[in-house]
Amino acid sequence: MSETTPSEVPTGDVAAPAPSYGAPMTTPMTAPQAGMMPMGATLGAPGKVRSTGLCILLAIVTFGIYSLVWFYKTHDEMKRHSGQGMGGALALILAFFVGIVMPYLTSGEVGGLYERAGREKPVSAMTGLWYFPGVFILIGPLVWFVKTNGALNDYWKSVGAA
């Protein structure tokens with residue numbers, strides 16, 4: 001095909017060529033563009049499956065310190081696996097200084113793992129409502145943790161974690 005200069009561009013009633021929708025893409029589609037992981041995309045190693053009961057026990061015995069460890073580890077694993085999300089360091093900082101936002105962010109990121117895999121989200125940022133204002137009925141944070149950690153464990157198992 002020869003290049004045309006501006007003076008050679010047809011004018012008037014000459015129809016422009018139809019766009020070529022069947023042409024191959026010059027750049028691969030990224031996950032945010034596609035809404036899910038593109039075909040052939042490689043994922044990082046799956047995270048660790050953590051016993052929900054043991055995590056709750058450790059959080060109680062350590063007076064909440066294990067909660068910070070859990071936020072760090074789970075967000076770090078999600079970031080390494082999918083390449084998206086806030087990562088462990090930012091999650092730890094947010095959990096320490098503004099911990100009330102972490103249930104919303106964590107459940108949202110776990111749901112995002114499912115969504116990018118083309119699966120229905122079992123949890124979302126709205127699941128954080130079990131934590132706050134659910135804390136006023138005392139059982140809310142436990143319900144939030146059981147739902148979120150359970151969904152994360154199920155996801156890790158589905159991608160090959162032992």
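Select threonine 74 to start: its relative accessibility is 0%, so threonine 74 counts as buried (buried means under 20% relative accessible area, exposed over 50%, and partly exposed in between, with a 1.4 Å probe and protein chains only). Before you click further, know that this is a predicted model, where local features need pLDDT of at least 70 and side-chain atom pairs count only at pLDDT 80 or more, while totals for chains, interfaces and linings use all residues. Residues are numbered from 1 along each chain as its sequence is written, and side-chain values use heavy atoms, with hydrogens and water left out.

**Stop 1: around threonine 74**

Show the helix that holds threonine 74: that is α3, residues 65-82. Helices here are DSSP runs of H or I with at least four residues, strands are runs of E with at least two, and both are numbered from the N terminus. Now display the backbone oxygen of phenylalanine 71, which sits 3.4 Å from a polar atom of the threonine 74 side chain. Next, bring up Arg50 and Leu152: both are in contact with threonine 74 once its neighbours within four places in sequence are set aside. Contact means heavy atoms within 4.5 Å.

**Stop 2**

A salt bridge here is a side-chain nitrogen of Lys or Arg within 4 Å of a carboxyl oxygen of Asp or Glu.

How many salt bridges does a search of the whole structure find? It finds two. To see the other pair, select arginine 80 and aspartate 76, whose closest N and O atoms are 3.2 Å apart. Because they are four residues apart in helix α3, about one helical turn separates them. Colour by accessibility here: arginine 80 counts as exposed at 52%, whereas aspartate 76 is partly exposed at 23%.

**Stop 3: asparagine 149**

Jump to asparagine 149, in helix α6. At 1% relative accessibility, asparagine 149 counts as buried. Show its surroundings: not counting residues up to four places away in sequence, asparagine 149 touches Arg50, Ser51, Thr52 and Trp70. Which atoms does its side chain meet? A polar atom of the asparagine 149 side chain lies 3.0 Å from the backbone oxygen of arginine 50, and a 2.9 Å polar contact joins the side chains of asparagine 149 and threonine 52. A polar contact is a pair of N or O atoms within 3.5 Å; within protein, one must be able to donate a hydrogen and the other to accept it, and residues adjacent in sequence count only if both atoms are side-chain atoms. Draw a C-alpha distance to valine 49 as well: it reads 8.8 Å from asparagine 149, although the two are 100 residues apart along the chain.

**Stop 4: helix α5**

Select α5, residues 102-116. α5 has 15 residues and reaches 21 Å from its first C-alpha to its last, close to the 21 Å expected at 1.5 Å a residue (that expected span is 1.5 Å times one less than the number of residues). This helix is mostly covered, with 11 of its 15 residues buried; among them are Met102, Glu109, Tyr114 and Arg116. Glycine 118 follows α5 and has a positive phi, near 80°.

**Stop 5: the nonpolar patch**

Switch to a surface view and pick Leu90, Ile93, Phe96, Phe97, Val98, Ile100, Val101, Leu105, Phe132, Val135 and Phe136, which make a nonpolar surface patch of about 1,000 Å². Patches are made of residues with over 30% relative accessible area and no salt bridge; like charges are joined within 9 Å, nonpolar side chains (Val, Leu, Ile, Met, Phe, Trp, Tyr) within 5 Å. Which helix gives the most to the patch? Helix α4 (residues 87-97) does, with four residues. Zoom in on valine 135, in the loop between α5 and α6 (140-158); valine 135 counts as partly exposed at 34%.

**Last stop: zoom out**

Show the whole chain as a cartoon: there are six helices and zero strands. Of its 162 residues, 30% count as buried.

How values were computed. Areas by Shrake-Rupley, 256 points an atom, 1.4 Å probe, with all protein chains shown as cover.
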